[in-house]
Amino acid sequence: MIIRDPLYGQFDLPTFLVPLLTAPEFRRLSEVRLININSPSLSGLAEVTRYSHTLGVLRLALENPMIGLNDDDFRALLASIIVHDAGTPAFAHLFEYALMDRFDWHHETILPAIVKRRHHPDAELHQFHASRRPQFKRLCEKNGIQFEIVLDILEHRHPASKLVFGSVDFDNLDNVARMSWMLGMRFDIGMILALASSLGASTTTQLLLPETERANLQAWAALRKSAYEVLVFDGPTVAGQAVLSKLIREALQTGALAEEDWTYTDHQLLNALQSSSAYAKDRLQRDFFGPLPQLRLLAHLTAHDHPVMQASRDDLACSIEEFLRQRRVQRPYGYCLRDRGTFEKRIMAVDPATGSSWSVGEKSESLVLYGFGGGAHVQSSERTGREFLEWYAGRTC
């Protein structure tokens, strides 16, 4: 099958992989966005799906000579890539954060359960997508792919796991490239292909990469930082996340949403929320499908001694909303982002030719607080953010 991709151009997909593209576990990703929200201000990126991203990850993997992997390993790795995002919930990390806080749920740990058809109380009878039951395991076995090796890769027991779930891997190389391109950033695609072709994995190191790729790795890290700075500080984008996040958490608390509902597509989750309560339907109509609430509060903390740094996501959101109500902000929404390597991360590698270690970057750690709502705008969101931090600190003394 010939795949035509806006980033990498035309490429051939190996014949043995083509039947796997029909698996419901993969097809569902055509209805799950790459980013957390259908942002009106980042509309190009908001329309990119996990499906097209996965095809891009396959393209990068096909660029690599796969030194040290035999044919069975190679086939299993490519099959693993097809389902590497199968556990991504509707609206990606937005739903996942709520599931994580309430159920200690994570999209990567659910992956082995998905392919073993143990991800749902209905097991293999569960209609995973479009009234179709999981088929990935059967399709692997039918097309000469060793399922046990696939499982080893998904459960991080195989050296090749680091090529999909590592600090730098085919997955996050394409993720950054695709996000950046759809944000209007232009860069040399050859840099992404060079990194993809040079990646290696072993049982003893996190990442094998020649030090001659340092400049490319630094360029990719800078591109990554620029993309996330747009996503994190774009007001309309985060406003939509704040509204949807609040309604998701409330639906989980009331039982209108359950842990197994992570298999919803983006559209199905919105329908479920609209049906969950009259309050949720009204908020969606007024503040999500209608005009988005305006940014009223913004604070970015890098110091770790402030009491907000120890608070939970729910506590911070509720505290921000309480603070904004006191300032007569209408229908307030609080939201936060914990930066644990979001903007920058330390990447450590081993040069396969020399065995020497080298590194790029330092891990960022910070907290970004947001408040949204309606009503008159009386001062800057940054000033309101400073006032909130003072108010919160005084309240917790």
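A residue is called buried when its relative accessible area is under 20%, exposed when it is over 50%, and partly exposed in between, with a 1.4 Å probe and protein chains only. By this scale Glu108 is partly exposed, because its relative accessible area is 27%.

The model is predicted, so local features need pLDDT of at least 70 and side-chain atom pairs count only at pLDDT 80 or more, whereas totals for chains, interfaces and linings use all residues. Residues are numbered from 1 along each chain as its sequence is written, and side-chain values use heavy atoms, with hydrogens and water left out.

Contact means heavy atoms within 4.

Asp261 is buried yet has no salt bridge, that is, a side-chain nitrogen of Lys or Arg within 4 Å of a carboxyl oxygen of Asp or Glu; the nearest side chain of opposite charge, Arg28, is 11 Å away.

Elsewhere, 3 strands form an open antiparallel sheet in the order S3-S7-S4, two strands being paired if DSSP finds at least two bridges between them. Strands S3 (294-301) and S4 (330-340) stand at the edges with a single partner strand each, so one side of each has no neighbour in the sheet. S4 and S7 (residues 365-374) pair over 9 bridges, and Gly371 in S7 is the bridge partner of Gly334.

Methods. Helices (H or I, at least four residues) and strands (E, at least two) are DSSP runs, numbered from the N terminus. Lys and Arg count as positive and Asp and Glu as negative; His and the chain ends are not counted.
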